[in-house]
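Student: Could you take me through one part of this model in detail? I would like to follow it residue by residue.

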Amino acid sequence: MPNLVVNVTFNPPVVKLMGATLREETIHKLEQVLPNATTTHLSGQKEPPKFQLLQNPSHWHADLGQHYCNQLGRSLIFLAIIESLESEDWKLKGTNTVTHPDNGKDSTKFFFFRA
């Protein structure tokens with residue numbers, strides 16, 4: 001059974017997808033919807049953030065460094081991630097959120113599986 005962990009840290013939003021292989025169209029869909037789900041928007045002159053495939057361990061990484069998310073923006077990002085992955089037959093198994101005491105940022109992990 002393949003597993004996938006999505007880690008989202010705020011603020012600024014940073015998204016990491018670790019685990020099983022994802023389809024390219026899912027990554028492209030996330031690249032389109034995530035910047036629009038934030039509380040702030042970039043001007044049309046800037047290039048939207050893109051996911052990068054990093055190694056050790058192998059994972060997708062996107063830093064939306066020019067954006068900010070209030071609670072509504074966070075919920076919209078979570079919804080966009082869940083909908084994108086459910087369209088690829090991933091099932092959400094659980095979540096966990098922690099606040100880092102050293103910098104005040106919070107991280108939410110989503111745990112998905114596919115039968």
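Student: How many cavities of 30 Å³ or more does a search of the whole structure find? Please look closely at what you find there.

Tutor: Happy to! Keep in mind that this is a predicted model. Searching the whole structure turns up one cavity of 30 Å³ or more. The space inside the largest cavity comes to about 30 Å³. Its lining is made up of Leu 30, Glu 31, Leu 34, Pro 35, Pro 49, Phe 51, Ala 62 and Leu 64. Sorted by class, seven of these lining residues are nonpolar, none is polar and one is charged; Glu counts as charged. Helix 1, which spans residues 24–37, gives the most to this lining, with four residues.

Now let's follow helix 1 to its packing partner. Two packed helices are described by the angle between their axes and the distance between the axes. Here the axis of helix 1 comes within 9 Å of the axis of helix 2 (residues 71–86), and the two cross at roughly 165°. Helix 1 is therefore roughly antiparallel to helix 2, as angles over 145 degrees count as such. The crossing of helix 1 past helix 2 is right-handed.

On the helix 1 side, the contact is made by Thr 26, Lys 29, Leu 30, Val 33, Leu 34 and Ala 37. Helix 2 brings Gly 73, Leu 76, Ile 77, Ala 80, Ile 81, Ser 84 and Leu 85. Together, the residues of this contact divide into nine nonpolar, three polar and one charged. Leu 30 and Leu 34 link the two parts of the picture: both line the largest cavity, and both belong to the contact with helix 2.

Conventions:
Residues numbered from 1 in each chain as written. Predicted model: local features only at pLDDT ≥ 70, side-chain atom pairs only at ≥ 80, totals over all residues. Heavy atoms only, no water. 1 Å grid on protein atoms, 1.4 Å probe; cavity = no way out; pocket = protein on both sides within 12 Å on 5 of 7 lines; lining within 4 Å. Points joined across faces, edges and corners; volume = space filled by probe spheres on them. Axes fitted to C-alpha atoms, helices over the stretch in contact; angles between N-to-C directions. Parallel < 35°, antiparallel > 145°, perpendicular 65-115°, else oblique. Left-handed = near helix turned anticlockwise from the far one by under 90°. Contact = heavy atoms within 4.5 Å.
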